[in-house]
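Morning, everyone. Please bring up the model on your screens, and we'll walk through it together.

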Amino acid sequence: MSPVFAAHCLVRRYATLLALLSLTTACGQTTTSAPPLPPATVTDSATGKVDMPWLRQRLDSSWTFRRQQVGVALADAVTGQPLFGYNEARYFTPASTMKLLSLAGGLALLGDSLPSLRYFSRGDTLFFQGTGDPTFLHGDVPSRRAYAFLATRPEKVLAYCDIACVPVYGPSWAWDDFGYYFQPERTAFPMYGNTVRFYAAAPLVLRHAPGAAVRVLPQSVRVLPRSFALLTERAAAGFRLSPDQDDEMHVYRAPLENRFTYVPTPKKWIDEVPYRTSRTLLLRLLGDTLRRAIVGVGPWHPHAGRDSIRTLHGLRTDSLYRRMLRVSDNFLAEQLLLMASTRVGYRDSLSSDRIIRYLLKNQLKGLPDRPDWVDGSGLSRLNLLTPRTLTAVLVRLHQQVPEARLLSLLAAGGGQGTLRRRYFEPGPPKMPWFWGKTGTLTHTCNLAGYVRCKSGRLVAVTFFNNGIPGDDQRTRNAMQWLLSEVRQRL
């Protein structure tokens, strides 16, 4: 094509365009209408598989998601029909979303109330042993059932019997988190949540008269349980437990002993620190609390046919589930698996491995991909899940538990715990549109739960993000933005 002819064609095209614009202007019409949105879902006519190409495009084009490992799986919570998958068959570190599998185990095996302890009576002696129940004088989900039972028994002797239990820390837990509230030790008979709580009042400022010198009294700290008060001391000036000391903490515990040091501040504060458990300490704490002598007698040996072994039931299970899921309580999740293990296999031990194997062969059989599951809380990085597997668990939970009860157990958007600032329509009253569980570790930010769409449809969602460099706020914001669009379009 010659340059002259090409220029002539271009002039004709512009002239045609100007004529059309003049015509529409004369007719009072406009050409600024937005193009229609693509359909929310597309179904392959050959396979029947449902997809959401627009959501895939959002994930592919997002700068936030392109820099990390992302996996997403959506399904209709009622029918179980898969709606979307993005790296849905890849394994990710699930973090605390693993608690949803622990919930499934508790719902399947524990019934309406927690097993608090097992016991039998012989003559003037009551023999009892722990079942892993974490609620004995717990600060947040306390139950006094076992306390009242032991305190009022008519037998002269209370004999605590040992039971084999898992190591105090789970596989691959961070050893240097021993002093943080989120990693108490796992035991057969926990007391006070296996932590010490410190309540510091603000320093008291005294001025006896106008113009008189101001006197500041040292900050006072109340310690519960009181048995640990004698083991707590005020930090000296320039106190450093280690060169890498966390300056945001108020109380520090020595690594291998129950010796606590608090750093005074100008404001009041509350801190919670795990204590180092032992059989000797348990018997002493029990005796001090019950004001009765407790005898340790080793493993118990009931006489077959003569000693009737019974289980004392305590707190309602839903109270524990709500606390565990809404604030992501690791300790409750770990102890939940130990309690569930009393329902299967041999009764001479409390075993996380035993109950995990049982659940994967029974209640959680037939999942899309077999989980690598090693603890109840998700603290371990040895846990691995695929997005479509966790979404399948969410679908099963919805099918097995009445919807109102299930959603009441989870953190609600704008309401409790880890979702209180997200996933709701402002009110009053606030209207949550997501219920679920977050999962956070360093470089990991996950979400799993249920989205209530504008249409009323309930969608099960798993959204995994691993390998996040730096701060995860961009990821949290991007997840909320995408799920809000899912809510609008489905």
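Let's start with two helices. α4 passes α10 in a left-handed crossing. Keep in mind that this is a predicted model. How do we describe such a pair? Two packed helices are described by the angle between their axes and the distance between the axes. For α4 and α10, the angle is about 35 degrees, and the axes are 10 Å apart.

Now look at who meets whom. On the α4 side we have Leu 100, Leu 101, Leu 103, Ala 104 and Leu 107. On the α10 side they meet Leu 390, Val 393, Leu 394 and Leu 397. How many of the residues in this contact are nonpolar, polar or charged? The count is 9 nonpolar, no polar and no charged.

Next, zoom out to the core. The largest nonpolar core has 51 residues. Its residues with the most contacts inside it are Leu 101, Ile 355, Leu 364, Trp 373, Leu 390 and Tyr 450. Which helix gives the most? That is α8, with 7 residues. As background, in soluble globular proteins, nonpolar side chains tend to be buried together.

Stay with Trp 373 for a moment. Leaving aside residues up to four places away in sequence, Trp 373 touches Met 98, Leu 101, Ser 102, Leu 337, Ile 356, Leu 359, Leu 360, Leu 364 and Asn 383. There is also a second, separate core, with 38 residues. Among them are Tyr 119, Phe 149, Phe 260 and Tyr 275.

Now the whole chain. The protein chain has 12 helices and 25 strands. Of its 490 residues, 49% count as buried. Take the contacts with a separation of 6 or more: 67% of them join residues 24 or more positions apart.

On to the loops. Tyr 192 sits in the loop between β8 (164–165) and β9 (195–200). What does Tyr 192 touch, beyond residues up to four places away in sequence? The list is Phe 136, Leu 137, His 138, Pro 225 and Thr 289.

Pro 225 is joined to Leu 224 by a cis peptide bond, with omega about 0 degrees. Pro 225 is in the loop between β12 (221–224) and β13 (232–234).

Leu 137 is the other stop. Leu 137 has a positive phi, about 60 degrees, although it is not a glycine. This residue is in the loop between β6 (125–130) and α5 (145–151). Is Leu 137 buried or exposed? Its relative accessible area is 16%, so Leu 137 is buried.

Arg 291 also has a positive phi, near 55 degrees, and is not a glycine. Find Arg 291 in the loop between α6 (279–290) and β17 (294–299). Arg 291 counts as exposed because its relative accessibility is 77%.

Last, the cysteines. A search of the whole structure finds 0 disulfides. Cys 165 is at 29% relative accessibility, so it counts as partly exposed. Cys 453 is at 4%, so it counts as buried.

Thanks, everyone.

Methods:
Residues are numbered from 1 along each chain as its sequence is written. This is a predicted model: local features need pLDDT of at least 70, side-chain atom pairs count only at pLDDT 80 or more; totals for chains, interfaces and linings use all residues. Side-chain values use heavy atoms; hydrogens and water are left out. A disulfide is a pair of cysteine sulfur atoms within 2.5 Å. Buried means under 20% relative accessible area, exposed over 50%, partly exposed in between (1.4 Å probe, protein chains only). A nonpolar core is a set of buried Ala, Val, Leu, Ile, Met, Phe, Trp, Tyr and Cys residues joined through side-chain atoms within 4.5 Å. Helices (H or I, at least four residues) and strands (E, at least two) are DSSP runs, numbered from the N terminus. Contact means heavy atoms within 4.5 Å. Axes are lines fitted to C-alpha atoms, for helices over the stretch in contact, and angles run from 0 to 180 degrees between N-to-C directions. A crossing is left-handed if the near helix is turned anticlockwise from the far one by less than a right angle, and right-handed if clockwise. Ala, Val, Leu, Ile, Met, Phe, Trp, Tyr, Cys and Pro count as nonpolar, Asp, Glu, Lys and Arg as charged, and the others, Gly among them, as polar.
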